[in-house]
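This report describes a structure with a focus on its strands, its nonpolar cores and the contacts between its parts. The sequence and model come first.

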Amino acid sequence: MKRNQLKRVTALSLAAVTAVSMVGCGSKAATTKAAKNYEVKSGPYYDKGYDLTDHETITMYVLGDRPEDMDEVLEKANDEYFGPNLNVDLDVEFLNWSDYQTKYPLLLSGGEKVDLIYTASWCFMNEEISAGAFKELDDEFLQTYMPYTYEELPSQAWDQISVGGKIYAAPKGKVSFTNYSLLAARADLIEEYGLTEPTNWENFKTYLTELADLQGETGVTALNTNANREQLLTMYEQSQMVQNVTEGHDFIYHANNSEAAPSEDDIEYLYMSDVFENYAEEMAELAADGAWSSDAINDTTDPQSYFENGTSGAFVWNGTIFSAGKNLEDAGNGTYAAYDVTSDVKRSTGSYATDATAITTKCENPERAALTLDYMKSDVDLNRLLLGGIEGKHWKLESDGTRSTLDDADNYSWNSWAWALNRQDEPDESTLDQRQIDAETHNCEMEFIPEQTGFTFNPSSVQDKYSAVSAVIDEYRQSFALGIYGDATKEKVEEFRSQLKSAGIEDVTKEFKSQYAAYMSAK
Amino acid sequence: MAKRGRELVKNIKRYRVLLAMLLPTILYVVIFAYIPMGGIVLAFKNYNYNLGILESPWCGLDNFRFLFVTNKIWKLTINTLLYNIVFILVGLVFEVGFAIMLSEIRNQVFKKISQAFMFLPYFISWVVVATIMLNIFGSNGVLHHILTYFGMGDYSIYRNTKLWPLVLVIVKAWKQTGYGTVVYLAVITGISQELYEAASMDGATVWQKIRHITLPSLKPTIFIMVLLSLGNVFRGDFGMFYQLVGSNQLLLESSDIIDTYIYRMLTTSPNTGMTAAAGLYQSILCFICIMIANHVVKKVDPEYTLF
């Protein structure tokens, strides 16, 4: 009898556990507080023919970690801006860096409420457009529902964000030289050991070799790098005056500081070009000289942290080198000097399409979502609230127009997630290092805007080959970048190329060139 | 008909407790295995979010084309299969061996401590294992420093590419054995002590008891565990291969598997249809494999089959 009872109790508990666990499979319970219905009586969207009578909650997804004071900032934004002027509550959700690659496509294909979402040329934009995830924003829609942004953004921005002549996302409002590589080198070591100053590419290699010879004494690896970041390719391309035809795709041409668009015949696939072969051989030489650890290919530690903790003699990247250098100096691990190794080379800013916001096709009220996005991008005060938090708490505007950080800035640091919302008039940091100011000034002096700017490549018609090519590149790229083949580099380049050919690179190149030709002739 | 219906109701009532106990498993399998199977259809569709799964246009076998653009997939399929077979065999020997050893240990404290240490690696993530390996066997690792101290030159396992298949097998066994041992240990605990006592009275040695009592008692479990593992024989351990081998092309030559290859293909341009196609390709191979294995086992001894 007792045994029977025990059986029943066990069975019932198991059934109960199952029932409880299945609750999680149901739809998400509404947890948001009761929304307040506003009557819009003034503001930038009042009396312009918009129907703002029903209250809406707009959910926006962005990448990054949720700042600690996010709720406070959102409450202020909703109470003072979105509510009274658009009758909207904005809800911002975050996709963490660690798993955004998995979650992002699932979010759009699944049943979650997503009205606005961050996207970019590097963040699934082309793929999601092909899958029909983003609403097309035609001229009429933009002029009607994003009136201020439409006016404010330069035509170049709209050109760059368009895919196949159509616009699916609103780009950011300010671009910088994110694709241009600078070098942070160890000023203290240069002085102490009388090392060659890395003022150009050849000197830079000498600097690395000299530092490698001293590794036993200094404990510093010349370029402590890893398998996740290819530090030298961009800089090498700069030294050869080579430019990418369009961002995000490995098709190059010898620009030689000219803004003229390349002819089709001038365009080469990077990995099939002499530029790449020479690069691979130079990397093999540096590896043989001990510029980095022979196991760097299996190391995944962030190279920026290697520079910051004083175990790397160099760090190559865009403007981020200045914060890495600052961290090195603040921690007392050494001093740094910034070098523009290819200072006489023209450079282009990153594309406006590097950060953008799209309206999803499953958004139930795309008009209101567009107005919300327009408001975030066009209203200076609201924009700064979202970018940097509450003025007087997280940041302060100085009399010279720059911004300084306040004690609470750690809980809401400037522009940690709203990159796609930034504006041209975003205030600079008041404590910018003179080295950084000099570098940025020089960048602006050397800016160039090639004629083909605005061209984007859509690989969907050769998707199978494009994917196979991606797999081959991912297999070999880092191994060449870290020179692991030594004397066998030349043969390995040949092997790599034959694999690319069998994966279909020739067809992908043909498609790229034909889209390029079509774009240029339409232009 | 009505009689059969009444019988069914009666049976349900009679076995309600057992059925209730079965319910969680049935629900789990239906929700997480059978319903998602409907997603197979995506492998043959050009999936568009707006149109949904059913309305998206069919595209035939287009989604599978990317797998076969190069001939690499065949080599990787063989790689995946061979690695998994070795993992299963080595795992089996270690798991059964250690389970028997543990069951023979009489000192309870030592037994528990040994078991805990064997179990520990199972909980270490592959990311951490990869870092530990780099710091022990890398060119700046502990082993290198010890060898240099004794004047035996520098050493890094990452340059010794031929060793890698062996390295992967050893690391996998190290990580997996503790967990796998538990099942066999549970079976051994359930073997009647009377059998061992009778054998002892007849003068059987420890080895004879293991050979004639323990191993035959473990046989059904061994068959079931091996058959279940064969169900995943074309699915590589992505975490292990991705973390330990990473982007080192020299190591990839001998250590690339289907899963890492597909990851490299689709990480830059994710495509729902292609992903479904890759999953289906692996599932079909696993299905064929388990059917053949089950059939072979049925011929040898029908009692040990899965179905």
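## Strands, cores and contacts

Helix α14 (residues 320-330) of chain A lies across β5, β9 and β10 of chain A, and runs at about 170 degrees to β10(A). Axes here are lines fitted to C-alpha atoms, for helices over the stretch in contact, and angles run from 0 to 180 degrees between N-to-C directions. Helices (H or I, at least four residues) and strands (E, at least two) are DSSP runs, numbered from the N terminus.

The model is predicted: local features need pLDDT of at least 70, side-chain atom pairs count only at pLDDT 80 or more, and totals for chains, interfaces and linings use all residues. Residues are numbered from 1 along each chain as its sequence is written, while chains are lettered from A and ligands numbered from 1 in the order in which they are written.

The three strands under discussion form an open antiparallel sheet in the order β9-β5-β10 (chain A). Its edge strands are β9 (314-317) and β10 (336-339) of chain A, each of which pairs on one side only. On average, neighbouring strands of this sheet are turned by 20 degrees against each other, direction ignored. Strands count as paired if DSSP finds at least two bridges between them.

Strand β11 (residues 356-359) of chain A has antiparallel pairings with β3(A) and with β4(A).

| Strands of chain A | Bridges | Sense |
|---|---|---|
| β5 (residues 182-186) and β9 | four | antiparallel |
| β3 (residues 116-119) and β11 | four | antiparallel |
| β4 (residues 169-171) and β11 | three | antiparallel |

In β9(A), A:Phe315 is the bridge partner of A:Ala184. A:Ile359 in β11(A) stands opposite A:Leu116, and A:Ala358 in β11(A) is the bridge partner of A:Ala169. From β11(A), A:Ala356 and A:Ala358 point one way and A:Thr357 and A:Ile359 the other way; all are buried. A residue is buried if 20 or more other C-beta atoms lie within 10 Å of its own, exposed if 12 or fewer, and partly exposed in between, with C-beta atoms placed from the backbone.

A nonpolar core is a set of buried Ala, Val, Leu, Ile, Met, Phe, Trp, Tyr and Cys residues joined through C-beta atoms within 7 Å. The largest has 169 residues, of which A:Leu183, A:Ala184, A:Leu208, A:Met283, A:Ala314 and A:Val469 touch the most other members. With nine residues, α18(A) gives the most to this core. Leaving aside neighbours within four places in sequence, A:Val469 is in contact with A:Leu500, A:Ala503, A:Gly504, A:Ile505 and A:Val508. Contact requires C-beta atoms, placed from the backbone, within 7 Å.

The contact between the chains takes 45 residues from chain A and 39 residues from chain B. Elements giving two or more residues to the chain A side are α1 (2-23), α3 (100-109), α18 (463-481) and α19 (489-503) of chain A. The largest share of that side, 13 residues, comes from α18(A).

Chain A is divided into domain 1 (56-176 + 353-388) and domain 2 (180-346 + 429-523), with bounds from an automatic or database domain assignment. The C-alpha centres of these two domains of chain A lie 31 Å apart. Their contact takes ten residues from domain 1 and eight residues from domain 2.

Technical notes:
Contact = placed C-beta atoms within 7 Å.
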